[in-house]
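Open the model in your viewer and keep the selection tool at hand. The stops below say what to select and what is there.

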There are 2 protein chains.
Amino acid sequence: MNSESEFIEFIKTITDLPAEQEDKFRALISVKNINKGEHFVRAGRNSKTIAFVKKGLFRYYYTSEDGVEFTKGFFDVNSVLSAYDAILENSPAHYSIEALEDAIIEAVDYYKFRQLFSEDPCWNNFLVALLQKGYLAKVRREREFLLMNAEQRYHSFLERYPDLEKRVKQHIIASYIGITPESLSRIRKK
Amino acid sequence: MNSESEFIEFIKTITDLPAEQEDKFRALISVKNINKGEHFVRAGRNSKTIAFVKKGLFRYYYTSEDGVEFTKGFFDVNSVLSAYDAILENSPAHYSIEALEDAIIEAVDYYKFRQLFSEDPCWNNFLVALLQKGYLAKVRREREFLLMNAEQRYHSFLERYPDLEKRVKQHIIASYIGITPESLSRIRKK
DNA sequence: AAGGTCTATTAACATAGATCAATGATCGCC
DNA sequence: GGCGATCATTGATCTATGTTAATAGACCTT
């Protein structure tokens, strides 16, 4: 009997997964704990792993030259993590991925995963679905930066991530919205 | 003898294209002229066409509630145009796509194109490549909005689109950077 | 070439959000 | 349960960019 994999369950919600491919994929998975404050990816390092979040919460963030952090996004349970652009370009990641809560992930080496691609079209289907989701999220975010002021972006954050306001510190939310913690404090007072 | 298609040549630079698929795809293409100022996609309308730019220059732009335009991006010769998020969601486009110069495109109905997908994996390869490119562009742009001020974003624009400064009006460049034409004028004076 | 319509520049003022600094509130830890 | 460290709030300024408005230049069109 095989061990359970939530990653595989997740993939099955997106595409048909032949039993053979399922087994091959399962062999690539290793389960890892990441404690709050630890990193899955660090800016400046090459990365070659993708992972599925079984438990916990992550954020992606940039660090500017003068050390200020800017949060790109939040990834809760049932998300796929990766420094995908860095993997594709085989270059150091521009950003870091940090656990905001104690987490458990299922990690897979991208290059080993990539080898499955030519064996069955299900993987391309899966990748297309992931990319489309990521693309839609970025398009939405771009629209927000172009069209909205800080207060509107805060409300958009609340709508999109209704439970994160309690789970995430103010200064991290502020860095997601693109303002200072002081400004966010003032906006919230209203 | 078949007519030339730059769209097909472009696809061949990305993936192997079996002769049978090439013929089927060619049958879907219709060549169209779009004059400067005319639209390929209009915000608020459903769209179901993708197109390849043979000649000319396009921009994607949002229009805010109070009628102000914000340019998402520029698409020169050898680019693929589509309101892809709107097509995926089968919903009205949030943005418009306008010709900034007299243009010639090769247009293809997305749903007819989509029917080819199950016939050969080359189409998924092609789609993954397009999505990755789009995704990388959005990631870069998000980073710029989070980390850079207006002047830095202007210089980033100049690096990325070296020849567009001459071809595109100031107020459109300003709307891409996310500032007013007046502010851009001041930045350029330096 | 004159007139009209876009487009770009410039200046004066307004404002959102940043910065700096001080004070309070929370939270983990011995 | 107290103490230091982190985090949030608040107030006083500062600055980048927006707004408004006026002018000047560019580009058509007849």
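Start with the salt bridges: over all chains the rule finds 32. A salt bridge here is a side-chain nitrogen of Lys or Arg within 4 Å of a carboxyl oxygen of Asp or Glu. This is a predicted model, in which local features need pLDDT of at least 70, side-chain atom pairs count only at pLDDT 80 or more, and totals for chains, interfaces and linings use all residues. Residues are numbered from 1 along each chain as its sequence is written, chains are lettered from A and ligands numbered from 1 in the order in which they are written, and side-chain values use heavy atoms, with hydrogens and water left out.

**Within chain A.** Select A:Arg167 and A:Glu101. Their side chains form a salt bridge (2.8 Å, N to O). The pair links distant parts of the chain, 66 residues apart. A:Arg167 sits in helix H7 (residues 164–167) of chain A, and A:Glu101 in the loop between strand E7 (96–99) and strand E8 (103–109). Helices (H or I, at least four residues) and strands (E, at least two) are DSSP runs, numbered from the N terminus.

Now show both chains. Which side chain meets A:Glu142 in a salt bridge? Select B:Arg141: the two pair at 2.4 Å, N to O.

Next, colour the side of chain A that touches chain B. Strand E5 (69–75), helix H3 (84–89), helix H5 (122–147) and helix H8 (170–177) of chain A each supply at least two of its residues. H5(A) gives the largest share, 17 residues. By class, this side has 14 nonpolar, nine polar and seven charged residues. Ala, Val, Leu, Ile, Met, Phe, Trp, Tyr, Cys and Pro count as nonpolar, Asp, Glu, Lys and Arg as charged, and the others, Gly among them, as polar.

In total, 30 residues of chain A contact 30 residues of chain B (contact means heavy atoms within 4.5 Å). The buried area is about 3000 Å², with 70% from carbon and sulfur atoms. It is the accessible area (1.4 Å probe) that the two parts lose on being put together, summed over both. Select A:Tyr135, A:Glu142 and A:Leu146: they supply 23% of the area that chain A buries against chain B, more than any other three residues.

**Two helices in chain B.** Finish with H8 (residues 170–177) and H9 (residues 181–189) of chain B. Their axes, lines fitted to C-alpha atoms over the stretch in contact, lie 8 Å apart at about 95°. From H8(B), select B:Gln170, B:His171, B:Ile173, B:Ala174 and B:Ile177; from H9(B), B:Pro181, B:Leu184 and B:Arg188. These residues make the contact.

Methods: Axes fitted to C-alpha atoms, helices over the stretch in contact; angles between N-to-C directions.
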